[in-house]
Amino acid sequence: MSSKKKNKMERGLTNRHVQVMAIAGTIGTGLFLGAGRSISLTGPSIVLIYMITGAFMFLMMRAVGEMLYQDPEQHTFINFITRHLGKGWGYFSVWSYWLSVVFIGMAEITAISHYVQFWFPSWPSWMIEIGFLTILALVNLIAVKLFGEVEFWFAMVKIVAILAMIATGVFMVLTGFKTSHGVASLANIADNFSLFPNGGVNFIMAFQMVFFAYLMIEFIGVTTSETKNPRQVLPKAVKEIPLRIVFFYGGALLAIMSIIPWRELASADSPFVTVFELAGIKWAAALINFVVLTSAASALNSTLYSTGRHLYQIAHDSPNRFLKAIKADTLSRHNVPQNAIIASTILIALAAFINVLPGVSDAFALITASSSGVYIAIYILIMLAHLKYRKSPDFMADGYLMPHYRFLNPLTMLFFAFVFVTLFLQESTFVGAIGSAIWIIGFGIYSQWKFRK
């Protein structure tokens with residue numbers, strides 16, 4: 001939609017919703033489950049990697065924030081790629097982004113079934129997946145205010161869990177708490193510190209693991225268009241991202257490594273479970289399982305919100321027979337893109353059946369891995385669109401400007417390119433990297449050809 005078209009979606013999100021979602025949006029499920037693996041890869045220097053990656057994600061959000069501030073009627077940042085880089089790259093981005101988020105939704109719904117089976121192992125995974133999808137689809141269909149309220153409480157669970165972890169770490173260090181791993185102390189981090197304890201390659205490989213913990217951080221930019229005062233809410237939500245990254249990621253990782261010497265952390269275990277068990281909480285595993293369940297449900301809830309709005313955008317900008325037939329470009333009486341949300345939900349629901357088909361599930365894992373690399377391409381296109389925006393008649397000189405953009409914008413793109421290269425260094429991500437490269441080149445050429453005139 002052009003900037004002159006009015007955003008007809010209900011402005012039902014409040015500042016309270018957006019600020020808490022902005023905090024939780026920087027915290028991925030990977031922190032709870034994958035922190036042990038990333039710490040064991042490169043030790044205390046993992047904190048530095050989280051901070052560096054977080055800084056570049058913040059710079060990307062400043063670029064997105066600047067363009068959204070100039071035109072707060074937009075409900076997807078992809079519009080800026082179309083406007084400033086042309087319809088070809090816009091077409092590539094909106095379809096690639098929508099499919100990537102759909103695959104993230106498929107991965108999240110698969111994870112949810114595993115977390116529920118922790119308590120109910122006899123329940124079939126397909127039934128859990130369809131049940132959760134149905135509930136969260138209804139949340140998204142009823143009203144944006146209900147989505148905001150549900151997301152608010154999902155977010156609070158993650159935030160409280162990390163605050164409890166940090167508080168536990170501080171208490172144990174201050175009291176010299178003794179565990180089976182020794183005395184809790186900051187010395188566990190500082191002793192024999194090395195920037196590359198397991199070699200430079202492991203340090204570099206950790207960047208792509210950390211990068212994907214931040215995926216969908218841009219979601220907060222999408223939600224601000226459905227607040228009553230987007231120009232007031234957006235800068236506050238974006239400006240506080242660095243503080244949240246330092247506190248929640250830095251604080252949690254330092255707390256973990258203060259209590260458990262990092263060389264003793266098993267990559268397969270969740271450090272959160274271990275820390276709470278050491279603190280005497282017998283039901284720590286069940287507690288963290290509940291936290292990651294709500295975290296995955298939150299990600300799925302956000303996925304349905306995002307995919308619905310992006311399919312609605314596609315139906316407006318590049319309608320085809322199928323999208324016309326399902327009326328994906330219409331809003332419900334609650335002013336939500338009802339048909340686009342339902343279509344996205346049905347596609348995500350395919351994961352429930354794909355996972356039980358031998359051979360097909362392996363292909364699904366490959367496609368999901370490939371979509372991660374496609375994300376990087378879209379982030380680079382966003383930064384290019386921002387550079388073009390700065391030289392366009394749309395530029396708003398008194399807006400929410402990205403600082404030192406001439407230097408920091410290209411630097412951010414270089415970082416994203418670096419992360420893409422690191423995907424080729426690890427066996428588990430190599431095939432996905434090849435898949436994403438094929439998609440970017442193939443679909444990129446097709447999109448340019450389609451709009452060559």
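The following legends describe an overview and two close-up views of a predicted model.

**Figure 1. Overall fold of the protein chain.** In this predicted model, the secondary structure of the protein chain consists of 19 helices and two strands. The C-alpha trace extends over about 65 × 55 × 45 Å along its principal axes. The radius of gyration of the protein chain is 22 Å, which agrees with the value near 22 Å for a compact globule of 453 residues. Of the 453 residues, 57% are buried. Among contacts between residues at least 6 apart in sequence, 82% join residues at least 24 apart.

**Figure 2. Contact between helices H6 and H7.** Helix H6 spans residues 125-142 and helix H7 spans residues 144-175. Their axes come within 7 Å and cross at roughly 130°; the two helices are therefore oblique to each other. Helix H6 contributes Leu136, Val139, Asn140 and Ile142 to the contact, while helix H7 contributes Leu146, Phe147, Val150 and Phe154. By residue class, the contact of H6 with H7 comprises seven nonpolar residues, one polar residue and no charged residue.

Figure 3. Gln208 belongs to helix H9, which covers residues 200-213. The relative accessibility of Gln208 is 3%, so this residue counts as buried, the cut-off being under 20%. A polar contact of 2.5 Å joins the side chain of Gln208 to the side chain of Gln426. When neighbours within four places in sequence are set aside, the residues in contact with Gln208 are Val419, Thr422, Leu423, Gln426 and Thr429.

Note on methods:
Residues are numbered from 1 along each chain as its sequence is written. This is a predicted model: local features need pLDDT of at least 70, side-chain atom pairs count only at pLDDT 80 or more; totals for chains, interfaces and linings use all residues. Side-chain values use heavy atoms; hydrogens and water are left out. Axes are lines fitted to C-alpha atoms, for helices over the stretch in contact, and angles run from 0 to 180 degrees between N-to-C directions. Helices (H or I, at least four residues) and strands (E, at least two) are DSSP runs, numbered from the N terminus. Angles under 35 degrees count as roughly parallel, over 145 as roughly antiparallel, 65 to 115 as roughly perpendicular and the rest as oblique. Contact means heavy atoms within 4.5 Å. Ala, Val, Leu, Ile, Met, Phe, Trp, Tyr, Cys and Pro count as nonpolar, Asp, Glu, Lys and Arg as charged, and the others, Gly among them, as polar. Buried means under 20% relative accessible area, exposed over 50%, partly exposed in between (1.4 Å probe, protein chains only). A polar contact is a pair of N or O atoms within 3.5 Å; within protein, one must be able to donate a hydrogen and the other to accept it, and residues adjacent in sequence count only if both atoms are side-chain atoms. The radius of gyration is taken over C-alpha atoms; the globule rule is 2.2 Å times the number of residues to the power 0.38.
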